[in-house]
Amino acid sequence: MAVIRDIDKALFPIKTINTVVKLFTSQLEGCSEPDLALLSIVTGLIENQLTSRSNAVQLPDSPETNVLPRFELETVENLYNKFHLVITSSVETNKTKAYATRDLVKRVSDVIWNSLTRSYYKDRPHLQSLYSYLTGSKLDCFGVAFAVVAGCQVLGYSDVHLALSEDHAWVVFGPNGSENAEITWHGKGNEDKRGQEIGKGVSARSWLYVNNKPVICTRHMEVAALVSAINPALNANVDASEVAMLQQELLWLLYDLGHLKKYPMAIGNLGDLEEISPKRSDIPCSSLFEEAIESARKYYNNQHVYPYTYQGGYYYRNNMYKEAFESWANASDVIRLYNYSRDDEEIYKEFLEIANELIPQIMKAESSGFEANTILKKPQCFANLLKFYDGICQWEEGSATPVLHIGWAKPLVNTISKFDSDVRAQVNIVCDEEKLMKKNGSYFNNNNNNYEKENTTVIPKLNVKEQSTSNFHPTIEALTAACSEKIL
Ligand SMILES: FC(F)c1nnc(N2CCN(c3ncnc4sc(CC(F)(F)F)cc34)CC2)s1
């Protein structure tokens, strides 16, 4: 039965952001493993107090003097003991076993699941923490997964860890994390698969399970996940700046301690916060987005999309359109080897927004003025644009569910035809047949890192000089040809 340590009790009542950073430091550095329940309750309490209607918007000055409302030890202790009671009273364990079992993990998931409010709006913000669970009996899909891992920690199972894809969460357990299990729901209107093993069939090829390259968390990375899940939003347009500052300080703490090395999305989250309000002049946000990409390439065989869309979004917001096209082409290069399934709505929306909102806006901006340095004169931009579209077409190939529809075609043709024919004529694609083999056994079944080992690029080598035939998806082929004949 873990209790809140005296060294941590001494930090209460919490009045400043720096005190919260001290609590996290003491948990991350000062003990065998950080107490997930304690840290989730503390951050949930602060987030909910500072983003609820009642709170007037204050402008913070600095983490040292930034005044927070007083957060009393008693409030935290009561919630902490309540969570321990809920878990230990409902899950009897003859804790003789060193490792958790599927039955144990399912029972902890059932305790959380059956204690949630019957029906509530699951996508609401601020439903990710144990504070939300203990005071409102509401959790979002990530929150359920996190609560199950925190519950297993309370029961003494140090082998149960969070596994994270870009849009789903589950657990690994047993010797070397050799077992895995669904413990939460995903998306809308899908029957939950709790207790089952992770996608074996077609779903294994969907982006949702990142070709079995999820982020497998340590306890310290589970702390990074709860910090990443902090949501400073006061409403759709405004953030509570103290909460954002707290999240940024805690992410830097985790970064400096090395716990974000294998967590691309957390590095991307930190990059977004740094872009808004830079805290570390020695590490610009642009290098954080690059680090996230390097991490995904090194540890996850470049099978994650978000590191590239984090970077593309940054370039777009800063009018660096040539670079944005390159990031988006790289994102498309990841998705093209997956099969699109109905579980992949989130990333579908991401590509749809890039293709039908962001790129058309860039085209408009670039063809309105007298842009001397316009991307419309740059063959590399046209090449990356084709790669972007081609990846989406390949994503659709072999998938049970179609991706493209007429809504994609108009902006696509509009965009391609904005490039002059002499610019388009300079782009030729030399494709590496073997690498372009989509979804054949080797790519999806091999466990060696294509990326790490040969570090070859799995993309068509762009050779902007020579003439050669291309191996684009027929759609792109036809459109490019149509452009050349100026049919469009
Ligand atoms: F690529 C950019 F456009 C993005 N901007 N925000 C992005 N997010 C926000 C943060 N985010 C995340 N950030 C840290 N860790 C995780 S684990 C996870 C999946 C699930 F919620 F557990 F189911 C999501 C996620 C999801 C991706 S991508």
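## Cavities and a helix contact

The second largest cavity has a volume of about 30 Å³. This is a predicted model, in which local features need pLDDT of at least 70, side-chain atom pairs count only at pLDDT 80 or more, and totals for chains, interfaces and linings use all residues. Residues are numbered from 1 along each chain as its sequence is written, and side-chain values use heavy atoms, without hydrogens and water.

A cavity is a set of points on a 1 Å grid over the protein atoms alone where a 1.4 Å probe fits but cannot get out, with lining residues having an atom within 4 Å of a point. The count comes to 2 cavities of 30 Å³ or more.

| Cavity | Volume | Lining residues |
|---|---|---|
| Largest | about 50 Å³ | Ser40, Thr43, Gly44, Glu47, Gln128, Ser129, Leu226, Ile230 |

The lining of the second largest cavity has 6 nonpolar, no polar and no charged residues. Its largest share, 3 residues, comes from α15. In the largest cavity, the lining divides into 2 nonpolar, 5 polar and 1 charged, and α3 gives the most, with 4 residues.

Helix α3 (residues 36-51) also packs against another helix: its axis and that of α7 (residues 141-154) come within 9 Å and cross at roughly 135°. Leu36, Ala37 and Ser40 of α3 make the contact (heavy atoms within 4.5 Å) with Phe146, Val149, Ala150 and Gln153 of α7. Ser40 also belongs to the lining of the largest cavity.

Notes
Axes are lines fitted to C-alpha atoms, for helices over the stretch in contact, and angles run from 0 to 180 degrees between N-to-C directions. Helices (H or I, at least four residues) and strands (E, at least two) are DSSP runs, numbered from the N terminus. On a 1 Å grid over the protein atoms alone, a cavity is a set of points where a 1.4 Å probe fits but cannot get out, and a pocket is an open set with protein on both sides within 12 Å along at least five of seven lines; lining residues have an atom within 4 Å of a point. Grid points are joined across faces, edges and corners, and a volume is the space filled by probe spheres set on the points. Ala, Val, Leu, Ile, Met, Phe, Trp, Tyr, Cys and Pro count as nonpolar, Asp, Glu, Lys and Arg as charged, and the others, Gly among them, as polar.
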